[in-house]
Amino acid sequence: SAGEFSRDVVESARSLGRKYGYDARHAETVRRIALQLAEKLGKYYRIPARWQLLLSVAALLHDIGRFVDTRKHHRHSYYLVSNSQLPGITAAEQRVIAAVTRYHRQNEPRDSHPEYMVLNDEEKVAVLKLSAILRVADALDQAHSGRFVDMKLAIHGNELIVRLADPPDLEYESIQLQRKGGMFKNVFGLDICIQEEQRKL
């Protein structure tokens with residue numbers, strides 16, 4: 001079944017992550033946040049189920065480049081993903097996943113980048129959308145705290161509202177979002193706003 005197939009693909013991504021000593025807790029948290037974002041955005045913007053699977057894999061593998069070097073780990077992640085076996089994933093999809101890990105931080109995709117140039121138009125759209133989502137998911141767990149797993153999401157006008165029941169001091173995450181949220185705004189036209197969830201009395 002499709003569900004079993006997806007589970008197998010995700011499991012093979014996890015084993016690749018383990019091979020490169022990834023931080024499983026952070027990777028899983030980023031994956032869960034990214035999929036929540038994709039599901040919410042998918043009601044308004046085209047994000048096919050297959051792309052969500054690619055996002056899942058990219059989220060699990062976004063940091064594996066740290067195995068080589070922390071400083072430019074996004075580039076190393078791209079290289080490792082490009083040159084690994086990912087059963088159930090086509091060569092074109094593997095290029096998309098690798099590019100999404102490449103763009104989870106630092107520069108946004110440009111037509112002059114070789115790893116972006118090799119993609120067709122549809123794949124470029126996938127990379128833009130999925131990278132923008134992954135950047136936000138990663139920013140929300142930059143402190144490796146896992147506290148955004150229980151967030152609730154709403155879209156009002158041109159804002160994506162992230163609600164948390166007990167937001168502690170979110171200054172760090174807010175700074176990370178400012179750093180990494182620009183691409184999200186460019187791709188989806190949405191500002192991200194973190195709010196405290198109002199409790200029902």
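**Entry 1: a term, then Ile97.** I needed one cut-off before starting: a residue is buried when its relative accessible area is under 20%. I also noted that this is a predicted model. Then I looked up Ile97, which is found in helix 5. Is Ile97 buried or exposed? Its relative accessible area is 0%, so Ile97 is buried.

I listed what Ile97 touches, leaving aside neighbours within four places in sequence. The contacts are Leu54, Val57, Ala58, Val81, Leu86 and Ile89. I also checked Ile97 against Ser82, 15 residues apart along the chain. Their C-alpha atoms are separated by 8.3 Å.

**Entry 2: helix 4 and helix 5.** Helix 4 covers residues 73-82, and helix 5 covers residues 91-102. They pack at an angle of about 165°, and their axes are 7 Å apart. Angles over 145 degrees count as roughly antiparallel, so helix 4 is roughly antiparallel to helix 5. I noted a right-handed crossing where helix 4 passes helix 5.

Which residues make the contact? Helix 4 gives His74, Arg75, Ser77, Tyr78, Val81 and Ser82. Helix 5 gives Gln94, Ile97, Ala98, Ala99, Thr101 and Arg102. I sorted the contact of helix 4 with helix 5 by class: five nonpolar, five polar and two charged residues.

**Entry 3: helix 3 and helix 5.** I stayed with helix 5 and turned to helix 3. Helix 3 and helix 5 pack at an angle of about 50°, with axes 9 Å apart. Helix 3 and helix 5 are therefore oblique to each other. Their crossing is right-handed.

From helix 3, I wrote down Arg50, Leu54, Val57, Ala58 and Leu61 as contact residues. From helix 5, I wrote down Glu93, Val96, Ile97, Val100 and Thr101. The class count for helix 3 with helix 5 is seven nonpolar, one polar and two charged residues.

**Entry 4: helix 1 and helix 3.** I then followed helix 3 to helix 1. Helix 1 is residues 2-19, and helix 3 is residues 49-61. How do they pack, and at what angle? The angle is about 20°, and the axes are 9 Å apart. Helix 1 and helix 3 are therefore roughly parallel to each other. This crossing is right-handed.

On the helix 1 side I found Phe5, Ser6, Val9, Val10, Ala13, Arg14, Leu16 and Gly17. On the helix 3 side I found Arg50, Leu53, Ser56, Val57, Leu60 and Leu61. By class, helix 1 with helix 3 has nine nonpolar, three polar and two charged residues in contact.

Entry 5: I looked up Arg31, whose place is in helix 2 (residues 24-41). Arg31 has a relative accessible area of 17%, so Arg31 is buried. Beyond four places in sequence, Arg31 is in contact with Val10, Arg14, Ser56, Ala59 and Leu60.

Where is Tyr20? Tyr20 lies in the loop between helix 1 and helix 2. Tyr20 counts as buried, at 13% relative accessibility. Not counting residues up to four places away, Tyr20 touches Ile64, Phe67, Leu80 and Ser84. The C-alpha atoms of Tyr20 and Arg31 are separated by 17 Å, and the two are 11 residues apart along the chain.

Entry 6: Last, I looked up the largest nonpolar core. The largest core here has 59 residues, and Leu37, Ile133, Met151 and Phe184 touch the most other members. Helix 7 (residues 121-140) supplies the largest share of this core, 10 residues.

I checked two of those members. Leaving aside neighbours within four places, Leu37 is in contact with Ile133, Val136, Ala137, Met151, Leu153 and Leu160. Met151 lies in the loop between helix 7 and strand 1 (152-156). Met151 counts as buried, at 4% relative accessibility. With neighbours within four places left aside, Met151 is in contact with Ile33, Gln36, Leu37, Leu140, Val162, Arg163 and Leu164. I also checked Met151 against Phe188, 37 residues apart along the chain, and their C-alpha atoms are separated by 20 Å.

Technical notes. Residues are numbered from 1 along each chain as its sequence is written. This is a predicted model: local features need pLDDT of at least 70, side-chain atom pairs count only at pLDDT 80 or more; totals for chains, interfaces and linings use all residues. Side-chain values use heavy atoms; hydrogens and water are left out. Axes are lines fitted to C-alpha atoms, for helices over the stretch in contact, and angles run from 0 to 180 degrees between N-to-C directions. Helices (H or I, at least four residues) and strands (E, at least two) are DSSP runs, numbered from the N terminus. Angles under 35 degrees count as roughly parallel, over 145 as roughly antiparallel, 65 to 115 as roughly perpendicular and the rest as oblique. A crossing is left-handed if the near helix is turned anticlockwise from the far one by less than a right angle, and right-handed if clockwise. Contact means heavy atoms within 4.5 Å. Ala, Val, Leu, Ile, Met, Phe, Trp, Tyr, Cys and Pro count as nonpolar, Asp, Glu, Lys and Arg as charged, and the others, Gly among them, as polar. A nonpolar core is a set of buried Ala, Val, Leu, Ile, Met, Phe, Trp, Tyr and Cys residues joined through side-chain atoms within 4.5 Å. Buried means under 20% relative accessible area, exposed over 50%, partly exposed in between (1.4 Å probe, protein chains only).
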